[in-house]
Amino acid sequence: MVKHVFYKGEILRSSCDTLAVLVKEKKYELIEDIDKEFSNIFKHSVKIGDFKGEAGEVILFYVNVNSIKRYVVASIGDEGLEGLRIAVANIVSKVKDYSEKLLIHIPDIDIDYSRAIEQSVISVEMTLYDPGDRYKAREKKEVKLKEIYYSVIDEKDYSKEIEKGIIIAEAVNYARDIANAPSSDMNPDKIEDEAKKLAKELGLKIKVLRKKELEKQGLNGIIAVGRGGSSEPRLIILEYKGSNRDSWDIAVIGKTVTFDAGGLDIKTAEGMYNMKFDKSGGAAALGIIRAAAKLRLPVNLVVALPAVENMPGPDSYRPRDVIRMYNGLTVEVGNTDAEGRITLADALAYIEKNYSPREIIDLATLTGAIIVALGNHAIGLFSNNDELAKELTEVGEFVGERLWRMPLWKEYYEQLKSEVADINNVGGRPGGAITAAAFLSKFVENTAWAHLDIAGTAWVQQHGPKKPYYPKGATGVGVRLITYYIMRKYGLQK
Ligand code: BES
Ligand code: ZN
Ligand code: MN
């Protein structure tokens, strides 16, 4: 991690070797007030048409004033906070191999300074994340950039915002680490270790339901899916109490299939290539509780990870098996590759019954069909509650993790009929993401619930999501979304 510092002095007098200034489309006159020194060379680039001011555009000049050797101008375009995150990401990518100390100056670009600084810090850390850090021995890249200073045109101190940004970015990168980890290093057993480590570090209560307890509780969906795995299935629950209410405010459930081979309905080689990422929902859930605890948010949050491997083997659950689920419903297994909904169904019902939270949000790389529907540029949102759906959508816009709401009309439920059981786990190809969500809805009785299908956005695929603050691999999607949702709804620390 680089060092982040709030800078109060005169910007041309800092000891940084690089000065970067943010501009907003068509608001270039600002730059003159900041530094008479460089405004002419910048204005020239505008005049000859090189710099157009679109979001993310970056231009670099070599200069020599005091310590400053490089002068960078980056535009947030007309895109508000997302434009700012993109501009900052591009500044960092541009200079990280040359500059050691970078000063990012944020003038009045119609963004509240506290937000601008917090989002800049997040963008920097998300951009510098390197998925090769853990495993590359030889080619490991040291970034030269060590310190970043932030300055604004204001007398206030924004060090608190820097701290907050760091916590949130670290939570995102922590979730990325878990999602990126090879399945052999992050099977259900290792997920438990990871969750325990986190619980210890943050002082959280943790409960792990292993085979015996799962059987006793009748969590037969989790057991069935996990039967083919060499690491036993388990339901991991972490509790964070940030408020003295004695009820639970919010539950976050993350799909944690540490590898999805498809089970006996095995996937093709191509289809399973990226299935180490099928634990991205659970990884995000851990990131969220980490952020909430470190920020000491005044909320009672419980997160649950049904951790399984979906593998073919002699003991695997089989097509046409019938599972008696935790809530008593029977499920006919139409396809063993539709495993996430079975594990989540049990987790949803268990958490609703045993915790009675006010609201439940699940995050899951649930269906390939959501990618067919929305591509890689939106999370599929399904909800039984308009207010919750609306708020999540707004926060998604704010953090740059877009949501698009999908219907749950009763007609879709027809596709899930089974001849022998209450419900089938698959509903055919049409509306595949919707029938998956419809299946889940059968396991939530009367709690405000939102299901987020992150299959298209949890890692960087061929067609996206493409953003300068998304390096290759896991995106950590969901962490910022739900953390900000909680902050907005339940407030900041008291
Ligand atoms: N984990 C997959 C969904 C997935 C596919 C996520 C591709 C990201 C990229 C899920 O468990 C699955 O296999 N779903 C099947 C459902 C089908 C058998 C009804 C799918 O989408 O093909
Ligand atoms: Zn899966
Ligand atoms: Mn599957």
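The model is predicted.

Start with ligand 1. Where does ligand 1 sit? The space it takes is the largest pocket. That pocket has a volume of about 1,200 Å³. Its lining counts 40 residues, and K267, D337, T367, G368 and A369 are the closest to its centre. Helices contribute here. α9 (269-272), α11 (340-355), α12 (369-374) and α15 (432-441) are the elements that give two or more residues to this lining. Sort the lining by class and you get 15 nonpolar, 15 polar and 10 charged residues.

Now move in to the ligand itself. There are 17 residues around ligand 1. Those that come nearest are D260, K267, D337, E339 and G368. Look back at the pocket centre: K267, D337 and G368 were named there too. The shell around ligand 1 divides into 6 nonpolar, 4 polar and 7 charged residues.

Next, follow some individual contacts. Find D337 in the structure. An N or O atom in its side chain is 2.8 Å from an oxygen atom of ligand 1. Then turn to D278. A polar atom of the D278 side chain lies 2.9 Å from a nitrogen atom of the ligand. T365 takes part in another way. Here a polar backbone atom is 3.3 Å from a nitrogen atom of ligand 1. How much of ligand 1 does the protein cover? On its own, the ligand has 510 Å² of accessible area, and the protein covers 77% of that.

Two helices, α4 (113-128) and α5, each give two or more residues to the lining. Which element gives the most? That is α5, with 5 residues. Charged residues number 15 in this lining, beside 11 nonpolar and 4 polar ones.

Helix α5 leads on to the next space. This one is a cavity. A search of the whole structure finds 1 cavity of 30 Å³ or more. About 50 Å³ of space lies in the largest cavity. Its lining includes at least two residues from α5 (159-180) and at least two from α10 (280-294). To find the spot, pick out A175, R176 and A179, then S280, A283 and A284; these are among the lining residues. Others in the lining include I454, A458 and V477. By class, the lining has 8 nonpolar, 3 polar and 1 charged residue.

Finish with the backbone. Most residues other than glycine have a negative phi, and most peptide bonds are trans. Two places in this model go the other way. What kind of peptide bond joins G464 and P465? It is a cis bond, with omega about 0 degrees. P465 lies in the loop between β18 (448-453) and α16 (479-490). The other place is R320. Its phi is near 75 degrees, a positive value in a residue other than glycine. R320 also lies in a loop, between β11 (300-310) and β12 (322-324).

Key: Residues numbered from 1 in each chain as written. Chains lettered and ligands numbered in written order. Predicted model: local features only at pLDDT ≥ 70, side-chain atom pairs only at ≥ 80, totals over all residues. Heavy atoms only, no water. 1 Å grid on protein atoms, 1.4 Å probe; cavity = no way out; pocket = protein on both sides within 12 Å on 5 of 7 lines; lining within 4 Å. Points joined across faces, edges and corners; volume = space filled by probe spheres on them. Helix = DSSP H or I, 4+ residues; strand = E, 2+ residues; numbered from the N terminus. Nonpolar A, V, L, I, M, F, W, Y, C, P; charged D, E, K, R; others polar. Near = heavy atom within 4 Å. Polar contact = N/O pair within 3.5 Å; in protein donor to acceptor, adjacent residues only side chain to side chain. Areas by Shrake-Rupley, 256 points an atom, 1.4 Å probe, with all protein chains shown as cover. Sits in = over half its atoms within 2 Å of the grid points.
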